[in-house]
Amino acid sequence: MCGIVAYTGHREAFPIILKGLKRLEYRGYDSAGVALLNGDLSVYKKQGKVADLEKSVEGKNLNGNIGIGHTRWATHGEPNDLNAHPHYSQSGDLAIIHNGIIENYDSIRQELLNRGHQFTSETDTEVLIHFIENIQERSNTSLEEAVRLALQKVVGAYAIVVISRQNPKQLIAARKGSPLVIGIGKEEYFIASDATPIVEYTNEVVYLDDREIAVINNDGLSIKNIDSVPKTPYVQTIDMELEAIEKGGYEHFMLKEIFEQPKSIMASMLGRVVADKHRLHLGGLIEYFNRLMSADRIMIVACGTSWHAGLVAEYLFEELARVPVEVEYASEFRYRNPIIRENDVVIAISQSGETADTLAAIELAKSKGAIIFGVCNVVGASIPRATHAGAYIHAGPEIGVASTKAFTGQITVLTMMALMLAHRKGTISESKFREFLIELENIPAKVEKALKLNDQIKYISDIFKDARNFLYLGRGYNFPVALEGALKLKEISYIHAEGYPAAEMKHGPIALIDEEMPVVFIATADSSYEKVVSNIQEVKARRGQVIAIVTEGDEQIKNIADYVIEIPETIEALTPLISVIPLQLLSYHVAVMRGANVDQPRNLAKSVTVE
Ligand code: F6R
């Protein structure tokens with residue numbers, strides 16, 4: 001949440017920062033702002049999107065080789081020009097950008113008010129920069145030291161960058177709980193919340209760790225921890241193509257990412273599944289695989305769409321590897337003193353690898369002695385670094401706020417994990433194992449085929465775009481898919497939607513059904529098919545409108561449902577990888593037809609780094 005970009009070097013800073021902010025806009029888009037040093041320290045900020053900021057500075061002198069920029073997802077204070085970042089210190093000599101929440105800001109603010117400080121915004125961030133300056137003045141110390149002393153007093157999460165009129169070649173950055181990456185170019189440095197604003201200029205990066213402070217000046221980059229212990233920067237080379245973070249001819253990132261799924265699922269399996277050699281290997285699990293083998297129970301922690309992937313994993317691990325699984329919302333798990341036993345294993349699932357609640361759940365489980373496996377997309381993010389072992393999904397950057405290709409990537413990796421465990425434990429026969437591997441290799445082509453339904457789904461979307469509510473129903477492996485379909489629709493089209501296990505309909509939701517209610521059934525040919533057909537009959541008997549996702553060649557449901565979408569057949573346990581595709585497309589088209597901004601839905605941010 002909130003995007004941070006900063007630059008210092010030989011180029012003009014403003015265009016680099018502006019482009020970087022556009023790349024980070026998925027992290028928040030309530031307001032945007034830039035501070036530039038060019039003799040003076042000038043701040044430009046505007047409520048709204050980065051494009052609004054760009055328009056508002058037309059014709060201004062934006063020269064300068066050093067600057068900081070921010071795109072905001074509001075926490076303290078409503079989204080307006082005053083609350084936008086950067087924020088000045090009391091004297092106007094310092095400016096700051098911040099991602100995170102300073103929890104004890106109110107007491108610091110009171111202290112500063114007593115000392116005569118005046119604030120122009122309602123933000124915790126402005127309090128922090130005043131606090132830093134106040135410490136610097138009172139202790140007559142360097143800015144770096146004042147930042148360090150201030151951060152020692154701060155409770156909460158932060159990624160910050162500070163610039164100062166007095167040190168026109170210096171950037172100071174620090175993090176705790178919110179990500180920061182430093183890009184190292186030729187006599188130039190970039191700082192950002194993730195690598196997307198940086199890859200165009202350099203692929204040499206340093207990921208700042210929690211409680212570290214980086215100083216960039218004429219002497220280059222130096223890093224110390226908050227206790228002043230110097231650290232040697234660990235420079236990594238990242239592998240990210242520029243085209244992966246551009247729309248590539250699609251109208252929206254979300255649509256591009258939906259259509260990328262044949263490729264991204266293949267990437268999740270690359271080098272890991274080799275069906276003709278009867279081989280499945282996830283190298284990142286090996287060191288701790290014995291702990292997975294001996295696990296009495298697996299606990300899965302995640303949020304949102306990743307939690308839905310976790311529910312699919314529950315079915316997979318229990319069916320294939322015969323190990324009990326509990327799936328928990330990370331936000332609940334972390335606050336309820338969970339029982340974690342010696343032989344429990346935790347799997348944390350996260351696209352961004354930065355979700356604050358998931359990270360906190362991991363820390364809690366670790367403190368109780370659990371071994372943690374991560375299933376993440378963003379390489380080098382906080383969650384994969386906090387886990388003992390894991391597997392990246394390798395789906396490539398997901399920029400649309402609504403998660404799509406990460407969901408199928410997560411399920412692919414979790415399927416491979418469950419299969420690898422089942423195979424080693426001997427809870428699956430050789431022939432079944434082989435059948436799964438062959439079918440996994442077929443999935444990208446089947447997803448490709450499902451994507452060809454786009455026009456039909458667009459047609460159906462047009463019919464239902466004005467509905468006020470939707471119900472999504474499925475059973476077994478398709479129950480989490482129903483939840484995911486409902487989440488996709490509500491988050492980008494703002495239509496109220498609920499997902500339920502189809503059999504639960506009779507225990508309440510059936511009361512909602514009338515001729516106005518579209519009900520999406522995921523009714524593929526699987527072990528609960530007949531039961532789902534009965535549920536469809538029950539909805540039709542109450543004149544609900546049924547849109548059914550069925551297996552190709554289905555004749556029975558065709559005669560009952562109002563609209564039928566036929567998807568390729570697969571093994572029951574792999575169905576979610578295909579059945580979710582029409583639901584992603586349905587939500588996309590409905591949202592576009594309603595004029596919603598699908599890549600930047602209101603109130604949402606891609607990376608939820610606050611609890
Ligand atoms: C929904 C969506 C969110 C995320 C959730 C967890 O489309 O994107 O529900 O799934 O915020 O995020 P990660 O997976 O980054 O931990």
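**Exercise 1. Find out what follows helix α13, and check the helix's span.**

*Solution.* Helices here are DSSP runs of H or I with at least four residues, strands are E runs of at least two, and both are numbered from the N terminus. Next, take the span. The rule is 1.5 Å times one less than the number of residues. For the 21 residues of α13 (405-425) that gives 30 Å, and the end C-alpha atoms are 30 Å apart, so the two agree. Last, look at the cover: 18 of the 21 residues of α13 are buried. Buried means under 20% relative accessible area, exposed means over 50%, and partly exposed is in between (1.4 Å probe, protein chains only).

A word on what you're looking at: this is a predicted model, where local features need pLDDT of at least 70 and side-chain atom pairs count only at pLDDT 80 or more, while totals for chains, interfaces and linings use all residues. Residues are numbered from 1 along each chain as its sequence is written, and side-chain values use heavy atoms, leaving out hydrogens and water.

**Exercise 2. Work out which residues of helix α17 are buried and what covers them.**

*Solution.* First, place the helix: α17 runs over residues 529-541, and its 13 residues reach 18 Å, close to the expected 18 Å. Then pick out its buried residues: Tyr529, Val532, Val533, Asn535, Ile536, Glu538 and Val539. Their cover includes two strands, β25 (518-522) and β26 (545-551). After α17 comes arginine 543, with a positive phi near 65°.

**Exercise 3. Say whether isoleucine 16 is buried or exposed, and list what it touches.**

*Solution.* Isoleucine 16 belongs to helix α1 (residues 13-23). Its relative accessible area is 6%, so isoleucine 16 is buried. For its partners, skip the neighbours within four places in sequence: that leaves Tyr7, Arg11, Phe190 and Tyr201 in contact, where contact means heavy atoms within 4.5 Å. Take tyrosine 201: along the sequence it is 185 residues from isoleucine 16, yet their C-alpha atoms are 9.6 Å apart.

**Exercise 4. Describe the surroundings of serine 31.**

*Solution.* Look in strand β2 (residues 31-38), where serine 31 lies. With 0% relative accessibility, serine 31 counts as buried. Leaving out residues up to four places away, serine 31 touches Lys46, Gln47, Gly48, His70, Thr71, Arg72, Asn80 and Ala84.

**Exercise 5. Zoom out and describe the chain as a whole.**

*Solution.* Begin with the parts: the chain has 18 helices and 27 strands. Then check the radius of gyration, taken over C-alpha atoms against a globule rule of 2.2 Å times the number of residues to the power 0.38. For 611 residues, a compact globule would come out near 25 Å, and the chain has 25 Å, so it agrees. The C-alpha atoms fill a box of roughly 80 × 55 × 45 Å along the principal axes. Finally, 61% of the 611 residues are buried.
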